[in-house]
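Please keep the sequence and the structure in view while reading.

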Amino acid sequence: MRSSPEAGGGRGRLVKLLVYSVEVSLASLLSYWATTSVWSAHQSYEDSRLGGMWAAISAIFVVRECKRQSRTAAVARMSATLISFALCLIYLTFLPFHAWGLALLVGLSVLIPGLVGRPGDETTAAITTTVVMVVAGLNPHEAWKQPLLRLADTAVGVASGLVVLFVTNALSARWARGGEGSGYPEFYGRTDRVKKRSSRHD
C-alpha cells in the first residue's frame, strides 16, 4: 500500500525541520567553542563569553535551509558588520559612548546600506551598531577595540555556519545517492528524480 502524498509531504517537512535544527545547533556550538576556546582565549572571561555569544548569533543568522540562502545571509551579515564596524571605530576612537552618539550611528547604519546599494542590510547594521556601542559604554576602557573584536567574532560565526552547512549538505547528497524510499532525497530537491524512478517501477 502506498502512502498518500500528504503523508509523504508531512514526513518531508519533519525531516527538513529536524535537519535544520541540527544544523543550527552544530553551528552555534562550533562558533561558540571556536571563539571562547581559540580566538578569545587571551581575553577576560566576560569578553570571551560575549564574543562566543556574538559568534553564535552570527552562525545562527547565516544558517538557512539551502546553500543559496546561506550565502546571501553570510554576505548580508558581513557587509552589515563592516558598515557598523567602520562607524563605531571612527566614533569610539575620538569620543566616548553617549546616547546621542548611539542615535547618530544607528541612523547612519540605516542610511549607508541604501546609499551603497545594499538596502536589505540596514536592520542588521543598526542592531550591530547598537550592541557594539552599548558594550563599549559598559567597558569604556579601550572602547575602540569593541568594533574590531565584534568583527572578528562575526567572521568566526559566519565561517562556522558555512562549514556546518557544507558538511551536512555533503552528507545529505551521499545519503540521497545511497538509496530510495527514505524521503530524504525529496527534502534536498530531488523529488523529480525519485518520481521518475518510481514511474519506471510501475
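This is a predicted model: local features need pLDDT of at least 70, side-chain atom pairs count only at pLDDT 80 or more; totals for chains, interfaces and linings use all residues.

Sorted by class, the contact of helix 4 with helix 5 comprises 8 nonpolar, 4 polar and 1 charged residues.

Two packed helices are described by the distance between their axes and by the angle between them. Helix 4 covers residues 99–115, and its axis comes within 8 Å of the axis of helix 5, with a crossing angle of roughly 155°. Angles over 145 degrees count as roughly antiparallel, and helix 4 and helix 5 are therefore roughly antiparallel to each other.

Helix 5, which spans residues 122–138, also packs with helix 6, residues 145–178; their axes come within 9 Å and cross at roughly 130°. Helix 5 is therefore oblique to helix 6. The crossing of helix 5 with helix 6 is right-handed.

Which residues meet where helix 5 contacts helix 6? Helix 5 contributes Val 132, Val 135 and Ala 136, while helix 6 contributes Gln 146, Pro 147 and Arg 150. By class, the contact of helix 5 with helix 6 holds 4 nonpolar, 1 polar and 1 charged residues.

Terms used: Residues are numbered from 1 along each chain as its sequence is written. Side-chain values use heavy atoms; hydrogens and water are left out. Axes are lines fitted to C-alpha atoms, for helices over the stretch in contact, and angles run from 0 to 180 degrees between N-to-C directions. Helices (H or I, at least four residues) and strands (E, at least two) are DSSP runs, numbered from the N terminus. Angles under 35 degrees count as roughly parallel, over 145 as roughly antiparallel, 65 to 115 as roughly perpendicular and the rest as oblique. A crossing is left-handed if the near helix is turned anticlockwise from the far one by less than a right angle, and right-handed if clockwise. Contact means heavy atoms within 4.5 Å. Ala, Val, Leu, Ile, Met, Phe, Trp, Tyr, Cys and Pro count as nonpolar, Asp, Glu, Lys and Arg as charged, and the others, Gly among them, as polar.
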